[in-house]
Amino acid sequence: MFGLEWAEVLSTVAILACCGLVGGFLAGLLGIGGGIVFVPVFYFVFTSVFGVSPDVAMMLATGTSLACMIPTSITAAVAQYHRGNTDMNVIKTWAPGMILGVLIGSLISSFYGGEWLAILFGVVMLLNSINTFFRAKAKPMFDHLPGKFGQRIIGFCIACFSVMLGVGGGTLTVPILNACSEEPHRSVGTSSAVSLFVCIPGAIMLFTTGTTPENAPFLTIGYVSLLAVICVVPVSIFMAPRGVTLGKKVSPSTLKRIFAVALFIVSIRMLISGLS
């Protein structure tokens, strides 16, 4: 089936389902969209199970991750909004910059993407995790966010890098909002909404503009593996609200440290993959 033995099919489905469970839970708990889990797991599955070359595997992991995050991010964002954790003023101000950032990031990924994205992913997330962990109880660096123009630059950079890395934007949004005196739970809630601006147009761009690689897994269109999406999405949707519920019960400093540890583990894994 799909060119694999039945044992390989079952183990691959199990890995992808577990990926959806963890990714969906973290999406609700930390507002990160699940991409920090999806990208490295997809990269591993595409290279180790399906024998896809590393350059192509990273592109497929990026596009598939963005597609999987659409329903997960919607579920998490709605749950966070109903709990009053979403700063809609930030979303409205950042929106123009994020839309432009998604378009440019998608084009860069489509034409110049490859294994170097794995290294970039690892470096950005590693620095992010170290900063967040050791500054979990530190005072914010700034009293408030910059003006509208500055915020739109921030939104552009977050969206552009997030699409290129296949993450939802929360991995960059949460630390930035925390540094600008936003309350941690509100930072998480707002980042869930930011993920929607990143993953929906980003996935559409990589789905429609990318040429399906010759050695891509069965049911792949553009840079999106529908096979992985089918295995991951149902369980991630189920787990996202549970992560939101638990997040309400966790202290802000603990929430930051959980976020940092998750980032650190994933970043090291991607750096090892990219450099090797």
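User: Before the questions, which rule defines helices and strands here?

Analyst: Helices, of at least four residues, and strands, of at least two, are DSSP runs. They are numbered from the N terminus. The model to which this rule is applied is a predicted one.

User: Which helix supplies the largest share of the nonpolar patch?

Analyst: The nonpolar patch on the surface is formed by Ile130, Phe133, Phe134, Val261, Phe264, Ile265, Ile268 and Ile272. The largest share is five residues, and the helix they come from is H10.

User: Is Ile272 buried or exposed?

Analyst: Ile272 has its place in helix H10. Its relative accessible area is 52%. A residue counts as exposed when that value is over 50%, so Ile272 is exposed.

User: In what order do the elements of the protein run from the N terminus on?

Analyst: The protein has ten helices and two strands. Read from the N terminus on, the order is α-α-α-α-α-α-α-α-β-β-α-α.

User: What radius of gyration does the protein have, and what would a compact globule have?

Analyst: Along the principal axes, the C-alpha atoms fill a box of roughly 55 × 35 × 35 Å. For 276 residues, a compact globule would have a radius of gyration near 19 Å. The value for the protein agrees with this, at 17 Å.

User: What percentage of the residues of the protein count as buried?

Analyst: Buried means under 20% relative accessible area. Of the 276 residues of the protein, the part that counts as buried is 56%.

Conventions
Residues are numbered from 1 along each chain as its sequence is written. This is a predicted model: local features need pLDDT of at least 70, side-chain atom pairs count only at pLDDT 80 or more; totals for chains, interfaces and linings use all residues. Side-chain values use heavy atoms; hydrogens and water are left out. Patches are made of residues with over 30% relative accessible area and no salt bridge: like charges are joined within 9 Å, nonpolar side chains (Val, Leu, Ile, Met, Phe, Trp, Tyr) within 5 Å. Accessible areas come from the Shrake-Rupley method with a 1.4 Å probe; for residues, only the protein chains shown count as cover. A salt bridge is a side-chain nitrogen of Lys or Arg within 4 Å of a carboxyl oxygen of Asp or Glu. Buried means under 20% relative accessible area, exposed over 50%, partly exposed in between (1.4 Å probe, protein chains only). The radius of gyration is taken over C-alpha atoms; the globule rule is 2.2 Å times the number of residues to the power 0.38.
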